[in-house]
Amino acid sequence: MTERKVALITGASRGIGKSIAIELAKNNINVIINYYRDEKEAIEVAESIKKLGVDSIYVKADVSRFEECAKMIETIKKKFGHLDILVNNAGALLDKALKNMTKGQWDLVVKTNLDGTFNVTKNCLTLIRDGGRIINISSIVGISGNFGQTNYAASKAGIIGFTKSLAKELGKNKITVNAIAPGYIETNMTKDIPFIRKKIILVMIPLGRTGIPEDVAHLVAFLASDKAGYLTGEVIRVDGGLSF
Ligand code: NAP
């Protein structure tokens with residue numbers, strides 16, 4: 001029997017991260033659920049994953065804090081010994097036009113999204129085995145920008161630069177590093193977008209519907225698989241055509 005792969009998904013207590021965790025578990029991969037605030041939901045995700053026949057643990061860590069990420073990786077090392085797949089999914093949003101944005105609002109978003117990607121990846125580097133996968137969740141806003149999202153767009157654009165650079169560094173280890181740029185996906189993060197704005201966005205989506213977390217999770221599962229071994233440094237949009 002072949003040994004099961006091990007994946008860490010940050011921000012997997014709900015939304016896109018939860019869907020990715022379940023999809024990888026369906027692909028016979030052991031899954032570590034990282035969360036920050038919502039322990040109850042993280043426990044529920046881990047329990048539902050175990051019912052799929054793979055191993056799962058949940059680990060609390062604020063990805064914006066380097067030391068907490070180091071502790072999380074120590075826990076993973078003790079339990080599994082190595083990692084094969086890292087999905088940097090944890091993310092925060094705090095929209096304001098720049099003229100109204102405080103330093104605190106800038107910092108929260110950039111520290112969670114961009115510093116978080118660095119903090120987790122840096123601490124994981126020695127744990128990810130050759131042939132592994134790093135998948136970073138960016139956004140189409142990191143490619144095109146958006147009104148009221150200078151903090152979010154800068155953090156997500158930064159993730160793209162991080163992805164491409166790291167892909168060049170880790171190629172020698174046959175570790176692929178790719179980014180996914182989702183468009184409008186129905187989650188907690190998008191639930192407060194005003195109804196009228198949602199209607200306008202919908203008209204602009206050629207495929208005629210908003211995305212669901214599984215649309216992203218299916219792509220992660222492919223990028224994490226052996227079939228995607230010759231694909232690295234890419235930024236793949238999952239947006240129903242919204243931004244091409
Ligand atoms: P969501 O439902 O709000 O989930 C965000 C997740 O991130 C939660 O599990 C949350 O956990 C976790 N998180 C937030 N801050 C954290 C921190 N400091 N440390 C650790 N975990 C933290 O959002 P989502 O829509 O699923 O978003 C997932 C990713 O997709 C994000 O990176 C987001 O930017 C990206 N994305 C989303 C969309 C969209 O339309 N939804 C579009 C493009 C990109 P806790 O609640 O436990 O803190």
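**Close-up views of a predicted model**

**View 1. The cysteines Cys 69 and Cys 124.** Counting a disulfide as a pair of cysteine sulfur atoms within 2.5 Å, we get zero disulfides here. Cys 69 is in none, and the nearest cysteine sulfur, that of Cys 124, sits 8.4 Å away. Cys 69 is buried, at 0% relative accessible area, and Cys 124 is buried too, also at 0% (buried is under 20% relative accessible area, exposed over 50%, partly exposed in between; 1.4 Å probe, protein chains only). This is a predicted model, so local features need pLDDT of at least 70 and side-chain atom pairs count only at pLDDT 80 or more, while totals for chains, interfaces and linings use all residues. Residues are numbered from 1 along each chain as its sequence is written, and side-chain values use heavy atoms, with hydrogens and water left out.

View 2. Six of the six residues of β4 (residues 83-88) are buried, so the strand is largely enclosed by the rest of the structure. Strands are DSSP runs of E, at least two residues, and helices runs of H or I, at least four, numbered from the N terminus; two strands pair if DSSP finds at least two bridges between them. Three bridges link β4 to β1 (residues 6-9), running parallel, with Ala 7 opposite Ile 85.

**View 3. Ile 200 on helix α7.** Ile 200 lies in α7 (residues 195-203). At 46% relative accessibility, Ile 200 counts as partly exposed.
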